[in-house]
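The structure is shown first, and the entries follow.

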Amino acid sequence: MRMNVSRLNRFLAEAKPSATFKVMDRVSARRAEGAKIISLSAGEPDFDTPSHVSEAGIAAIRSGRTRYTQVAGMRSLREAIAAKFERENGLKSEWQNTLVCSGGKQVIFNALAATLNVGDEVIVPAPYWVSYPEIVQLCGASPVIVQCKSDTGFKITADALQAAITPRTRWLILNSPSNPTGSVYSRDELRALAEVLLAHPNVLVISDDIYEHLIFDGVPYFTLAQVEPRLREQVLTMNGVSKAYAMTGWRIGFCTGPRWLVEAMEKLQGQQTSGACTISQHAALTALTGPQDFIQKSCSIFQSRRDIVVELVNQAPGLHCEVPQGAFYAFTSCQDLLGKYTPAGTLLNSDEDVVNALLDEANVATVHGSAFGMGPYIRIAYAIDDASLRRACEAIQVFSRSLVN
Ligand SMILES: Cc1ncc(COP(=O)(O)O)c(C=O)c1O
């Protein structure tokens, strides 16, 4: 059934459906035709939630802890979140400054919806996670996209930030490690951004740290509010259990930030979900307070998969990716494939054409970089077992060798 756009909220009518979901739909359609597709498009770890965490959820159900919690989350979980921010990020946080939401995405949504008005601007460095500009737009505000090319590691510089700030700027959204590039901001890079932000106290920052624990080669992790404590009243530090503990379906995200902001987000949440799922909150409490060895194990698996992708993809003629330092994505330039023809006779004019041809002719699903605000790239997600990953990368190699001028 087609949507009747005229009956929709005007901001929703203008919003784009998620490009990653669109790729997943195409994959399902190809699979329904009988094609054996290897998907390198998933944005979630392929592991099971650690069993002691799942057991905590089951125990909550069995013992009848199945009623509403406080809107902002269980006190015990908020205390565990405050302890996590202090232990892992050096952020001293009172439990009252924390909030539990239904996934990291809802943290971002709550923060923006609680603060934005029509005409406000939000600085979104590109390449960006697909949802940032859409959430900004849903709130009636305007995303200000700052292109951050590979020569700055796909990261926003202090000069670029300074140039993007106007009297209407309400937020900057930072994401490290990044989806879709895997880039990680160093302490010095964050310090340089902090200098600019200190001079603009009306500009708030979402620090999206959801991939914090997926960081490779011993690269140290820093978050903005840790690097510049004087920014504490300007920064909402967001995180969650989705990627760190393979808990995407449990839908628990959390944050710490200025008390006024957290209370505004709580007010909004009170009229929206009434709070995150109680059972999931119990599981998240166990994830944060129980044994942490899962994180180390999954991180080293992702690092070895990263090495497979970087090696094999860079052997494919016309494709190039730098070595990502975190998350589970390789943002790969396909510039040199453009203008070529596939064996089926398709002319590759854009990264979306490359992604479609890879799916149709090589049975490998990826996502085009332009969906993340920068083309011509393809995002290769390596949240998949080693053997399938190798087969997919080899299929990509065969595909790129088969192209003709
Ligand atoms: C950069 C980024 N931030 C936030 C999220 C949302 O995480 P959650 O599943 O906890 O809502 C994702 C999920 O893909 C992401 O990639």
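Entry 1, second largest pocket. In this predicted model, I looked up which elements supply at least two residues of the lining of the second largest pocket, and found α1 (10-14), α2 and α6. I noted that α6 gives the most to this lining, with five residues. The second largest pocket holds about 540 Å³ of space. I counted 23 residues in the list that lines the second largest pocket, and A15, K16, P17, S18 and E134 lie nearest its centre. By class, I recorded 15 nonpolar, four polar and four charged residues in the lining of the second largest pocket.

I listed the buried residues of α6 as S131, Y132, P133, E134, I135 and V136. After α6 comes G140, for which I noted a positive phi, near 85°.

I recorded a volume of about 680 Å³ for the largest pocket. The elements that give two or more residues to its lining are α2 (19-32), α5 (104-115) and α6 (131-138). I therefore have α2 and α6 in the linings of both the largest pocket and the second largest pocket, as elements are defined here by DSSP runs. The largest share of the lining of the largest pocket comes from α2, with five residues. The whole lining of the largest pocket has 31 residues, and F21, G43, K105, W129 and K243 lie nearest its centre. I divided the lining of the largest pocket by class into 13 nonpolar, 11 polar and seven charged residues.

I asked which residues around the ligand come nearest. Among the 14 residues around it, these are G104, D208, Y211, S242 and K243. K243 is also in my list of residues nearest the centre of the largest pocket. I then looked up distances to oxygen atoms of the ligand. A backbone N or O atom of G104 lies 2.7 Å from an oxygen atom of the ligand. For N179, I found an N or O atom of the side chain 2.8 Å from an oxygen atom of the ligand. For R251, a polar side-chain atom lies 2.8 Å from an oxygen atom of the ligand.

I searched the whole structure and noted four cavities of 30 Å³ or more. The largest cavity contains about 120 Å³ of space. The elements that give two or more residues to its lining are β3 and β5, and β5 has the largest share, three residues. Of the 15 residues that line the largest cavity, P125, P127, N175, S178 and Y185 lie nearest its centre. I classed the lining of the largest cavity as 10 nonpolar, four polar and one charged.

The second largest cavity contains about 60 Å³ of space. Its lining includes N175, Y185 and D208, and β5 and β6 each give two or more residues to it. I noted six nonpolar, four polar and two charged residues in this lining. N175 and Y185 are also among the residues nearest the centre of the largest cavity, and D208 is one of the residues that come nearest the ligand.

I listed the buried residues of α13 (residues 351-362) as D351, V354, V355, A357, L358, L359 and A362. What covers them includes α2, β10 (364-365), β11 (367-368), β12 (377-381) and α14 (386-402). N363 follows α13, and I noted that its phi is positive, near 60°.

I located T69 in the loop between α3 (51-62) and α4 (75-89). Is T69 buried or exposed? I recorded T69 as buried, because its relative accessible area of 16% is under the 20% cut-off. The side chain of T69 makes a polar contact with the side chain of Q281, at 3.0 Å. Leaving aside neighbours within four places in sequence, I found T69 in contact with M74, S274, A276, T278 and Q281.

Conventions:
Residues numbered from 1 in each chain as written. Predicted model: local features only at pLDDT ≥ 70, side-chain atom pairs only at ≥ 80, totals over all residues. Heavy atoms only, no water. 1 Å grid on protein atoms, 1.4 Å probe; cavity = no way out; pocket = protein on both sides within 12 Å on 5 of 7 lines; lining within 4 Å. Points joined across faces, edges and corners; volume = space filled by probe spheres on them. Helix = DSSP H or I, 4+ residues; strand = E, 2+ residues; numbered from the N terminus. Nonpolar A, V, L, I, M, F, W, Y, C, P; charged D, E, K, R; others polar. Buried < 20%, exposed > 50% of the residue type's maximum accessible area, 1.4 Å probe, protein only. Contact = heavy atoms within 4.5 Å. Near = heavy atom within 4 Å. Polar contact = N/O pair within 3.5 Å; in protein donor to acceptor, adjacent residues only side chain to side chain.
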